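Trainee: I am new to this structure and would like to go through it by question and answer. Please show it to me.

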Amino acid sequence: MHSLSAYHYIRGTAVLVEGQRGPVESDMAVTERATMSSTRTDVVASTPKRRYRLRLVLLICVLLATLPASPVAQAQSTGAAAAQQTARLLVGTLRGKLTGSAAGRPAPVHSFGSGQRSYYLVPIEKRGRTVGLVGVSADGRSWQWYTDNYRGRPFPSVGANQAGQIIGTRVSDLVMMLGPDRELYWTSISDRGKFVSVQDAGRVRTLQEVSQEPDDASLAGLPHLMTDAADSAVTAPEAALPRPLAAGSVLPTRQNRSIPFYYQVNSYYCGPAVVQMLFDRYNPPVASQYDIGAVMNAKDWGTWEGAENEDLLRAARFSSLSRAIQNNNLQGYRERSIGYAAASNLWSREGADDPDYPDRYSDLKRLIADGYPLVLVTWYDASHEAGHFRLLKGYDDSTGAFIVHDPYYHAPYFGPNVHFRQSFLVDDLWARERRWAALIQPWRVALSTPATVTAGAPFTVTARIAYLGPHPFEGKAPVTESRATIQVPSGFRVNTATRSLPYITRSGKGQTVSWSVTPPATYKGTARIRMVSQGKFTGTSQSYPTYTDWIGGTGQRTVSVSR
C-alpha cells in the first residue's frame, strides 16, 4: 500500500503535501478563495505583480497534475489491474463449479518477513458470492494457483475500512499479510501491533499470538472449515493399486486421482494429514492423525513447527516391531500391524549429479497417470517463509495445472483439489528442498483361486506379489527376510503356510508363489483366503537413530466350497 508521503496528488484546488495527513491549501487555493469574494472587476483591476503570481501558481498546479505518480504507486496500480486481467482470463477458461464466474477486486498479500508484496489474491465471484480464489504473481502477469473451495462469505470478509477502525489506524497504513501461523490478517505496516483476521472481525491478535499455534477448539469453529463429500471418507481395497500405462504410450491430457481428503488437526500436522489420506486410500484407514503425528514426531520445536522429511517416511513404515517416539504405548497402528513401503527421490537443480531434473514435469505426470500420488515438501507460498507438505494427485494440461490436496484449513491455500500452475509449483514452491517427493503405498498382492472348489479336494492358491518401484523410485528402501503367509479358515489344510520371497529385496522387485489348500470333506459354503506379504526394513531418521519395521501388503479372495 502507498503512503501519502510518497507522492503528491491534485484533488480539486487542494494539493496534498509530503508528510501531511490531510490536504494543505496551496497558494492557488488561497488566491481563489480570496477572488471568490471579490467582483470580476477586482480581478481584472489586480496589479501586474498579482496577476503574474496567479499565473505562476496556475502553471505549477497544471504541471503537478500532469506528473506521473511515484513508481511505488504506479507499480501498485498497474500490478492490481494486471492481476485482475490475468485472473479474468483464467476464470474464463474454467468449467464445472466455476462456469460463469467472474474475477473480483485483487488484494495484495505481503510477506511477513520483508513487508514486500508477495502476490495478489483475486476472489472468484458468482451470483454475488465468493466461490474460489486465484493467486496471481506480484507483478500481476501470471496466475499461480486457483481453488473453488471458498464457501459462504465474500473475500475478504473483513474490509480494510473495518480493520482500520479496529486497529485504530488509517486505511492507507494497512496491508494484508500472511502471518507466521499462515492465516491472513490486516495489520499496520508501520508497527504491526494488532492483527485482524480477514475472515473474522472478532479475531484480533497480537504479534505474539499470531506466532503461536491455534488451539483445536478455535479450528473447529472456522466458518470455512469444511469437508468435501466427494473426496472424504472414501476407502478403496488394497488390491486396487496402480496399473501402469503401457510402455511408450502417450500421457492423457488430464488425470485426477480419487483420494480421501482430511484437514490437518492443528497448525503443524500437514505431514500426518497427507499420510492419513494415503492410508485411507489403500485401506484400512488409520483414524487418528495424533497417532501418525506421534510416530512422525511432528511438534512445535521452538524455532519451527512440523516434522522432518525422513520422519514422515518412518511414520509410513511404522509397524508392530517398533514404538512411537511420542507415545511408548503405541506399538504399530491399531488398525494395521505392518507398515507401508515408502521411498523418496530428488529432482534437484540442473547438474551432473541431478539426472532427474530434466524430467521433473514428465515424471510427475507419468506417475500420476500410472496411479501413484506423491507427497511433496514445498514452500507454503510465494513468500518462501514456511514449509508445507502437500499431496500431488492430478494434473490438467488444458490449463497447465497440477492438482493437490492441501490439508491446511485457512485461505489462501486450503482444501481438496487446489490447482497450481505447473511451473509455479515445480520451479518455485517445490524447489524448497531439492524437489523432494515421497511415494507411499503397500506392496501389491494379487491372489488367484478357482471360483468354486470341492470339499476334501486340494486346490491351488497363487499370489503375485510386487514391491512396486516405478521410475525413479526403483531400487530403493531395501528389505530383508521377505516372506508371504497364507491364512485359511479353521480345518483347512495347507502345505507350508509361510513361504520365503528371496527375490523381493528392494523396490521394483516381485515374485510369484503358490500353495496347495484342501478344505475339510464336510465343509460347504464360502471361505475367505487371505495372504500377508512383508519384508523387514531397517532405517534411520532425524528422530530415530535406528528403527526396524515390517512393510508389505495383503490380499484376499473368497471361494465357494461345494460337496
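Trainee: Which residues lie nearest the centre of the largest pocket?
Mentor: This is a predicted model. In it, the lining of the largest pocket is made up of 33 residues. Those nearest the centre are Arg 182, Trp 304, Glu 305, Ala 386 and Gly 387.

Trainee: Which strand gives the largest share of the lining of the largest pocket?
Mentor: Helix 8 (270–282), strand 15 (305–306) and strand 18 (387–396) each give at least two residues to this lining. The largest share is 3 residues, and it comes from strand 18.

Trainee: How many residues of the lining of the largest pocket are charged?
Mentor: The lining includes 11 nonpolar and 12 polar residues. The charged residues number 10.

Trainee: Is Gln 289 buried or exposed?
Mentor: Gln 289 is placed in helix 9 (residues 289–296). Its relative accessibility is 4%. Buried means under 20%, so Gln 289 counts as buried.

Trainee: Which side chain makes a polar contact with the side chain of Gln 289?
Mentor: A polar atom of the Gln 289 side chain lies 2.8 Å from the backbone oxygen of Tyr 263, but that is a backbone atom. Beyond four places in sequence, the residues in contact with Gln 289 include Tyr 262, Pro 272 and Gln 276. The side-chain partner, at 3.0 Å, is Gln 276.

Trainee: What percentage of the residues of the protein chain count as buried?
Mentor: The protein chain contains 12 helices and 30 strands. Of its 563 residues, the buried share is 49%.

Notes. Residues numbered from 1 in each chain as written. Predicted model: local features only at pLDDT ≥ 70, side-chain atom pairs only at ≥ 80, totals over all residues. Heavy atoms only, no water. Helix = DSSP H or I, 4+ residues; strand = E, 2+ residues; numbered from the N terminus. Buried < 20%, exposed > 50% of the residue type's maximum accessible area, 1.4 Å probe, protein only. Polar contact = N/O pair within 3.5 Å; in protein donor to acceptor, adjacent residues only side chain to side chain. Contact = heavy atoms within 4.5 Å. 1 Å grid on protein atoms, 1.4 Å probe; cavity = no way out; pocket = protein on both sides within 12 Å on 5 of 7 lines; lining within 4 Å. Nonpolar A, V, L, I, M, F, W, Y, C, P; charged D, E, K, R; others polar.
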